[in-house]
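Hi everyone, thanks for coming.

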Amino acid sequence: MSNRQPRIVERADMAELTGTTRDVVVADDGHHQVEHTFDNEYWDQIWQGDRAQSMGTGRPNPHLVQEVGDLVPGTALDAGCGAGAEAIWLATRGWQVTGADIAPAALDRAAERAADAEVAERVRWVRTDLSTWEPGTRYDLVTTHYAHPAMPQLEFYDRIASWVAPAGTLLIVGHLHHDATADGHGHGHGHDPDGPPASASATAAAITARLDPAQWEVVTAQESHRAMTGHDGHATTIHDVLVRATRRLPADR
Ligand SMILES: C[S@@+](CC[C@H](N)C(=O)[O-])C[C@H]1O[C@@H](n2cnc3c(N)ncnc32)[C@H](O)[C@@H]1O
């Protein structure tokens, strides 16, 4: 029997969007088991931890910038807004934004940044658990960037999709689980140490399959990869899924 002890690697490097994993347990047989209890306590801890300073660069997500530039500004919800880069960018483009997140520390940073950017009056910050929240309104744009609450990922996307107004846009930017064995950069066992756990990600096909064609027109559905520098300066590749869809007007159906 091996005398190697299971090793727990804290790896909460969400900022550079390398994926967020609470603990990676390397069992003595060498297999990785990923725990991902992405609950309130977890996210609070992340946003108050040492790494919070390096999290959220302040630059908006490039997919958002690319996809939303042609939309007429209206009301927007950023679901799981973190430190607010995307919500603030939308506000500077004329949107009236609600930024919702479970972590008070993230929202404090977001509010400071909004004030610095002189868009505070255009953004409302809501501290809430999106797995149970009911906004009580519908938005012209509902977007999310890498939010993965403690609920099944596709059910989370179902929830936020239901908050899109008729003719409004749903924009999902999510983690794409990447099997590192495919490109030889991983540590084996089908797990990418820089990637999110499979349960926190979804493919473009899985997301669009849940969008009823009678109600939605899918505008963009793609999976992409981009190089980035991680929080500790190491080069990494971000694997993204991007889905943009427009809710049809009742008359279109
Ligand atoms: C990976 S971070 C991404 C933050 C930001 N959207 C970005 O791209 O930098 C995921 C965010 O989702 C938030 N979050 C996770 N679970 C949530 C929940 N149940 N309700 C609201 N926000 C949640 C976290 O607090 C965190 O700020």
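Predicted model: local features only at pLDDT ≥ 70, side-chain atom pairs only at ≥ 80, totals over all residues.

Let's begin with strand 5, residues 96–101. Is this strand buried or exposed? Five of its six residues are buried, so strand 5 is largely enclosed by the rest of the structure.

Who are its partners? On one hand there is strand 4, residues 75–79, which runs parallel to strand 5 and is joined to it by five bridges. If you want a landmark for that pairing, find A79, which stands opposite A100 in strand 5. On the other hand there is strand 6, residues 123–127, which also pairs with strand 5 in the parallel sense, over five bridges. Here the landmark is T98, standing opposite R124 in strand 6.

Now follow the chain between these strands. Strand 4, helix 3 (residues 85–92) and strand 5 form a β-α-β unit, and that unit is right-handed. From strand 5 the chain then crosses through helix 4, residues 104–116, to strand 6, in another β-α-β crossover that is right-handed.

Let's go back to strand 4 and look at its pairing with strand 7, residues 139–145. These two are parallel as well, with four bridges between them. Our landmark A79 returns here, as A79 stands opposite T144 in strand 7. How many residues of strand 7 are buried? Seven of its seven, so to speak a strand that is mostly covered.

Strand 7 in turn pairs with strand 8, residues 164–175, in the parallel sense over six bridges. Within that pairing, Y139 stands opposite V164 in strand 8. Strand 7, helix 5 (residues 153–161) and strand 8 make up a right-handed β-α-β unit.

Next, the ligand. Which residues are closest to it? In total 21 residues surround the ligand, and the closest are W43, G80, G82, I102 and P149.

Keep W43 in mind as we turn to the helices. In helix 1, residues 40–48, the buried residues are W43, I46 and W47. They cover an arc of only 90° around the axis, which puts them on the same side of helix 1. As for what covers the buried residues of helix 1, helix 4 is included.

E118, in the loop between helix 4 and strand 6, has a phi near 60°, a positive value in a residue other than glycine. Y146, in the loop between strand 7 and helix 5, is not a glycine either, and its phi is positive, near 65°. Which of the two is buried, and which is exposed? E118 is exposed, with 10 other C-beta atoms within 10 Å, whereas Y146 counts as buried, with 21 C-beta neighbours inside 10 Å.

That's my tour, and I'm happy to go back to any part of it.

Technical notes:
Residues numbered from 1 in each chain as written. Buried ≥ 20, exposed ≤ 12 C-beta atoms within 10 Å, placed from the backbone. Pairing = 2+ DSSP bridges. Right-handed = clockwise from strand over helix to strand, strands pointing away. Near = placed C-beta within 6 Å. Arc of directions from axis to C-beta. Contact = placed C-beta atoms within 7 Å.
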